Amino acid sequence: MDQIVEYILSALLVFGGIFGIVGSFGLLKLPQTLQRLHAPTKATTLGVGSALIASMAYFWYFEGTLSWHELMITLFLFLTAPITANFIAKVQLHRAIDKQDLPPTGVGTEWATYDPEVQAVSPALLNDRDPG
Amino acid sequence: MILNYALDFAFLCFGLGLAMNLYRVFRAPGVTDRILALDTMVINVLTLIVLYGIRTRSGVNFEAALLFAMTGFVSTVAYCKFVLRGDIIE
């Protein structure tokens with residue numbers, strides 16, 4: 001039984017490690033910034049998630065203590081990852097992509113982050129741009 | 001024990017990922033990539049802390065990991081906010 005649990009934990013760790021390195025490698029390899037935004041999300045969800053599950057199962061089975069910290073970390077990461085991704089995408093939209101280059105939204109209104117009432121960018125910084 | 005080899009492999013993967021992120025922090029086309037790389041660095045360090053917890057068989061590190069996740073999230077949002085608004089709390 002010990003052997004089986006150990007194999008399962010090892011598989012989880014290897015799986016998480018592979019996804020972790022794929023996420024970081026994609027950050028180097030993919031050609032555009034908004035594509036690069038996609039890669040580390042795999043590391044966040046699958047990589048960290050399986051490492052945390054492995055840790056939880058390890059302490060439960062081998063040490064006899066079931067700790068909920070790992071679940072809390074997973075929950076926190078899963079809750080915050082979309083928020084950070086949204087913020088980073090917004091920064092990229094405002095700093096490197098012209099408004100007329102964006103695809104149509106298809107709902108009749110403009111992109112919400114360019115709504116003049118929202119004013120996502122400070123007017124003083126509107127012309128501060130990045131290349132590509 | 002096969003678990004030790006798997007742990008070594010995971011340490012290696014996330015350590016290499018951390019090195020790649022560090023390269024991306026220094027060599028990036030724009031500020032967005034740097035923010036993204038720093039965010040990913042937080043994720044990788046968090047996983048290294050968790051893996052270290054398994055290796056040393058102690059549960060002390062999880063509080064550190066949780067705090068790390070929180071500060072990472074807040075710092076990423078603050079950095080983005082600073083780039084967009086020129087100020088963090090207006």
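1. Of the 132 residues in chain A, 32% are buried. Buried here means 20 or more other C-beta atoms within 10 Å of the residue's own; 12 or fewer is exposed, in between is partly exposed, and C-beta atoms are placed from the backbone. In chain B, buried residues make up 41% of 90.

2. A word on the basis. This is a predicted model, in which local features need pLDDT of at least 70 and side-chain atom pairs count only at pLDDT 80 or more, while totals for chains, interfaces and linings use all residues. Residues are numbered from 1 along each chain as its sequence is written, and chains are lettered from A and ligands numbered from 1 in the order in which they are written.

3. Chain A has four helices and zero strands. Its order from the N terminus is α-α-α-α. Elements are DSSP runs numbered from the N terminus: helices are H or I with at least four residues, strands are E with at least two. The C-alpha trace of chain A spans about 60 × 30 × 30 Å along its principal axes.

4. Chain B has three helices and zero strands. Its pattern along the sequence is α-α-α. Chain B is more spread out than a compact globule, because its radius of gyration is 16 Å, well over the 12 Å that the globule rule gives for 90 residues. Its C-alpha atoms fill a box of roughly 55 × 30 × 10 Å along the principal axes.

5. Next, contacts within each chain. Two residues are in contact if their C-beta atoms, placed from the backbone, lie within 7 Å. Take the contacts with a separation of 6 or more. In chain A, 57% of them join residues 24 or more positions apart. In chain B, the share is 42%.

6. Nonpolar covers Ala, Val, Leu, Ile, Met, Phe, Trp, Tyr, Cys and Pro; charged covers Asp, Glu, Lys and Arg; the others, Gly among them, are polar.

7. The largest nonpolar core has 45 residues. Such a core is a set of buried Ala, Val, Leu, Ile, Met, Phe, Trp, Tyr and Cys residues joined through C-beta atoms within 7 Å. Leu13(A), Ala51(A), Ala10(B) and Cys80(B) have the most contacts inside the largest core. At least two residues each come from α1 (2-29), α3 (39-63) and α4 (69-96) of chain A, and from α1 (2-26), α2 (31-56) and α3 (61-85) of chain B. α2(B) gives the most to this core, with eleven residues.

8. Look at Cys80(B). Leaving aside neighbours within four places in sequence, Cys80(B) is in contact with Phe87(A), Ile88(A), Lys90(A), Val91(A) and Ile35(B).

9. Within chain B, the axes of α2(B) and α3(B) come within 9 Å and cross at roughly 175°. Axes are lines fitted to C-alpha atoms, for helices over the stretch in contact, and angles run from 0 to 180 degrees between N-to-C directions. That makes α2(B) roughly antiparallel to α3(B); the term applies to angles over 145 degrees, with under 35 roughly parallel, 65 to 115 roughly perpendicular and the rest oblique. Residues of this contact include Ile35(B) and Leu38(B) of α2(B), and Phe68(B) and Cys80(B) of α3(B). By class, the contact of α2(B) with α3(B) has 17 nonpolar, four polar and one charged residue.

Conventions: Rg over C-alpha atoms; globule rule 2.2 N^0.38 Å.
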